[in-house]
Amino acid sequence: MCHDYKCRQHSGIIFFTQDPFRHCFLVVAFILFRLATVEFCPSISPLLLPYKEIVYRDQINMLNASSNNQELEKLLGYDYEVFLSFRGPDTRNDITDYLHTSMIDAGIRAYIDDEELRIGEEISGQLLQAIEQSKISIPIFSKGYADSTWCLRELVKMVESKNTRRHKIMPIFYNVAPSEVKYQTDHYSNAIVSHTNKKRFDDETIDNWKAALNEVGALKGWDFQSMPNRGKGEFVKEVVNNVLIELKTAYLEVSDCLVEVNNHVDEIMRMICTHNHETKIVGIHGIGGMGKTTLAQIVYNQVSDDFSNCCFLSNIRETEITRLQNQLISNILKKRWPDINNIMEGKKVIKERLCSKIVLLLLDDVDEASQLDALVQKREWFGKGSKIIITTRDRGILNVPTLVDWTYELTGMDFDHSLQLFSKHAFRRDYLIEQYIFHSKRAVNICSGLPLALEVIGSLLSGKSIEGRMPH
C-alpha cells in the first residue's frame, strides 16, 4: 500500500511498520489499550499473559494468609511458613503438638519433622529445603534438645538462613533458661561434652553447634519458665498470634519502578483519615491498567502497622464469592474457618463474627455490586475505626452513599511522567538514552498514559534495539 511498509491488521486497526520490531510493540500496546477500555475477546487474552507476567513478577508475593496466596508462594518456593525444630521425646506429644495444631488451625503452613523416621547421620535434603523455604524457624529448646545432633544441625542451618536472607528465628525456651542455651551450661554443657568425647564429629562441627546455640540463645523469644501462672493453651495462643504478626500478612509487595504516586497516595490517605477513629470506606476507580491496585497496595502498606486485623482480597472479579467470604473470615479471626456453603451464610458469619474487629480491608478489582453486598454490605459489619479500600473499573458500583465515603478517579499519566516510567523499565534509569529518544517517544505516545502499557512495552524493549540489541 505504501512503498516498502509492511501492513498488518488487528481487530479492525491497521498498523504500518517498516520492521517487525516496531510492529510487535504496536500490537502489544493496542492489546493493552483494548484491555484497559473494553472487555476484549477471550481469544486475545492468552496473548497478554506473558506480558502481564513480566510486569508483575515482582508483585506476586502478597503476604496474605489466603489460599490464593499460599498457592502462589508454593510456586515461588515458600512451601512452608514456619519450621518447628524440637527434641521428640521431650515435647512431641506436649507443647510441640499443641503449637503445630494451633498453627495449622490458624492457616499457618508449619513444617514438623518426624524424628523417629530419620535414617542415617546426614541431615536430609528435604529437611534443609524445609528450613530454607520457611520464613520463620522456631527451635523449641528443651532439656534434651542438645542431645540430638539432628537438632543441632538444624539450628546451624537456621542461623545460616538468618544471616544470608530474611529468615527469622523465634526461640521457645521450654523448661530451660535462655542462659543455659546461650552459654551451654548444665545439661547443654554435658551434651556438648558427650558429643565431643564420642569423636564422631570434627572440632569445626562442634564449634558451629556451640556458636549457633550462643547466637540463638541470645535472641528474644519465649521463656516458658518465666510464666508460671500461664497455662500451655494461653502460651501457645500468644506464640501463634506473634507468628501471625511476624509473617505480617498485611505487607504487599509493589514494584520499585514507581512514578508520580505520592500525590495520589496523599489524597487517599486524606480520604481514609488514618488518625480518625471513624470507619472510612474509599473507592478508587479508573480504566484497567491505570495502576489502581498498586496505589491501593501502597496505601494499605502505609497504614497496616496500625491494624492487627488486615485482609487483602485480590482479583475479586474472577474469584468465587463464598471463597472470598471464607478468606476474609479466616484472615480476620486468624483461624481456619469451615467452608462457607452459600453467600447468605457467609454474610451472616461476617456480620456476627467481625462486628467487633477493627479491620484494614482491601477489595481489589470489584466489578459487580453483588460482590460488595456479600463482603461489605454495611459498615457496621466491622468494628468502628475500620478502613476499607475498594478498587474497580466501574464507578457506578461505588455510588452507595450510605456505604462509600469517598471516591477517587485515577487517570492517565502526563507525557513527561510517562517517559520517566517507560525509561525505568526500558533503560533501568529515570531518563531516556539519547540515541533511542525518537523511538521511545513513539512508544510512549502509543501507550496514551496507561501505566501498564508503559511497563509492558518498556520491559519488552529492555535490552533490545531496532537492529537487535540495545544496551541497558
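In strand 3 (residues 82-85), V82 and L84 point one way while F83 and S85 point the other way, and all are buried, where buried means under 20% relative accessible area, exposed over 50% and partly exposed in between, with a 1.4 Å probe and protein chains only. The model is a predicted one, in which local features need pLDDT of at least 70 and side-chain atom pairs count only at pLDDT 80 or more, whereas totals for chains, interfaces and linings use all residues. Residues are numbered from 1 along each chain as its sequence is written, and side-chain values use heavy atoms, with hydrogens and water left out. Strands (E, at least two residues) and helices (H or I, at least four) are DSSP runs, numbered from the N terminus.

With strand 4 (residues 110-112), strand 3 pairs in the parallel sense over three bridges; two strands are said to pair if DSSP finds at least two bridges between them. The bridge partner of F83 in strand 4 is Y111. Strand 3 also runs parallel to strand 5 (residues 136-141), joined to it by four bridges, and here F83 stands opposite S137.

A further region to explore is an open sheet of five strands, with parallel pairing and the order 10-11-12-9-13. Strand 10 (310-313) and strand 13 (406-409) stand at the edges with a single partner strand each, so one side of each has no neighbour in the sheet. On average, neighbouring strands of this sheet are turned by 15 degrees against each other, direction ignored. Strand 9 (residues 280-285) pairs with strand 13 in the parallel sense over four bridges, and G283 stands opposite T407 of strand 13.

Helices pack on this sheet too. Helix 12 (residues 262-272) touches strand 9, strand 12 (387-392) and strand 13, and its direction makes about 170 degrees with that of strand 13. Contact here means heavy atoms within 4.5 Å, while axes are lines fitted to C-alpha atoms, for helices over the stretch in contact, and angles run from 0 to 180 degrees between N-to-C directions. Helix 13 (residues 292-303) touches strand 9, strand 10, strand 11 (360-366), strand 12 and strand 13, with its direction at about 170 degrees to that of strand 12.

I284 lies in strand 9 and is buried, with a relative accessible area of 0%. Beyond its neighbours within four places in sequence, I284 is in contact with residues including I268, L295, I389, T392 and Y408. I284 and Y408 are 124 residues apart in sequence, yet their C-alpha atoms are 4.8 Å apart in space. T392, in strand 12, is likewise buried at a relative accessible area of 0%. Not counting residues up to four places away in sequence, T392 touches I284, H285, G286, K292, V366, D367, I397 and L398.

Finally, helix 17 (residues 415-426) and helix 18 (residues 437-447) pack at an angle of about 115 degrees, their axes 10 Å apart. That makes helix 17 roughly perpendicular to helix 18, a description for angles of 65 to 115 degrees, with under 35 counted as roughly parallel, over 145 as roughly antiparallel and the rest as oblique. F415, S418, L419 and F422 of helix 17 make the contact with S440, K441, A443, V444 and N445 of helix 18.
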